Amino acid sequence: MTLRGTKNEVRKAKREQRDTVPPEQRAEMSAAIGKQVSALPEFQRASCVHVFCSFGSEPDTTAIVQAAFEAGKRVFVPVTPNRDMVELRHVEIFPEQQYKPGVFGIPIPHFGDAEEYPYCEPSEFFTDGDCIIVPLLAFDNARHRLGYGRGFYDRFLARTAGYTIGIAFSFQRVETLPTDEYD
């Protein structure tokens with residue numbers, strides 16, 4: 001699909017398109033994505049998986065998290081504790097993890113009455129053989145990714161080893177994305 005416009009115009013169009021997919025269909029497509037990701041050799045070889053907590057009309061990452069735990073992998077998720085943050089923070093999660101609403105509507109792990117999150121630095125646990133699952137609003141044939149525009153993953157991926165896997169629905173693919181020097 002050819003979609004012309006600025007990054008923000010493409011973001012808006014793809015988000016609106018994704019939002020029109022009925023929840024039942026989105027759940028089926030998410031399950032298929034989970035099976036595809038967990039079957040990847042890179043996923044199977046990884047000892048650690050970093051995966052985003054999906055929200056809204058994003059592909060649901062629950063199946064990916066479950067597959068990682070079933071395979072005995074350590075699982076980490078990003079946390080953005082407040083709107084002023086420019087860097088993602090990261091925590092390890094565990095089976096039966098509970099979540100609570102976070103900023104931007106993104107679920108964040110709930111650790112009971114803990115006053116502070118048990119943050120960790122990805123460079124302490126991630127290697128080239130581990131997987132980082134990232135969200136995207138659009139992607140193109142040249143493997144460019146268009147995220148939400150705050151640069152959280154750009155900064156995170158620039159300083160973290162690992163095999164990056166972007167997940168989206170097939171209709172989020174475009175022929176060419178507008179890019180700049182940071183892409």
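Modeller: First, the term: a pocket is an open set of grid points where a 1.4 Å probe fits, with protein on both sides within 12 Å along at least five of seven lines. Also, this is a predicted model.

Biologist: Fine. What volume does the largest pocket have?

Modeller: About 1,500 Å³. Its lining has 50 residues. Val134, Pro135, Leu136, Arg145 and Gly166 lie nearest the centre.

Biologist: Which elements give two or more residues to that lining?

Modeller: Helices α1 (7-19), α2 and α5, plus strands β2, β7, β8, β9 and β10.

Biologist: And how does the lining split by class?

Modeller: It has 29 nonpolar, nine polar and 12 charged residues.

Biologist: What about the second largest pocket, how big is its volume?

Modeller: About 290 Å³. There, 18 residues form the lining, and Thr62, Val65, Ile93, Gln97 and Tyr99 lie nearest the centre. Helix α4 gives the largest share, four residues.

Biologist: Switching to the core. Which residues touch the most other members of the largest one?

Modeller: Val37, Phe43, Val49, Val51, Ile64, Ile133 and Ile167, out of 36 residues.

Biologist: Take Ile64. What does Ile64 touch?

Modeller: Leaving out residues up to four places away in sequence, Gly34, Val37, Phe43, Val51, Ile133 and Ile167. There's also a second, separate core of five residues, with Ala138 and Leu146 among them.

Biologist: Where does Ala138 stand?

Modeller: Opposite Leu146 in β9. Strands β8 (residues 138-140) and β9 pair antiparallel over two bridges.

Biologist: In what order do the strands of that open sheet run?

Modeller: β9-β8-β11, with mixed pairing. The edges are β9 (145-146) and β11 (173-174).

Methods: Residues numbered from 1 in each chain as written. Predicted model: local features only at pLDDT ≥ 70, side-chain atom pairs only at ≥ 80, totals over all residues. Heavy atoms only, no water. Pairing = 2+ DSSP bridges. Core = buried A, V, L, I, M, F, W, Y, C linked by side-chain atoms within 4.5 Å. Buried < 20%, exposed > 50% of the residue type's maximum accessible area, 1.4 Å probe, protein only. Contact = heavy atoms within 4.5 Å. 1 Å grid on protein atoms, 1.4 Å probe; cavity = no way out; pocket = protein on both sides within 12 Å on 5 of 7 lines; lining within 4 Å. Points joined across faces, edges and corners; volume = space filled by probe spheres on them. Nonpolar A, V, L, I, M, F, W, Y, C, P; charged D, E, K, R; others polar.
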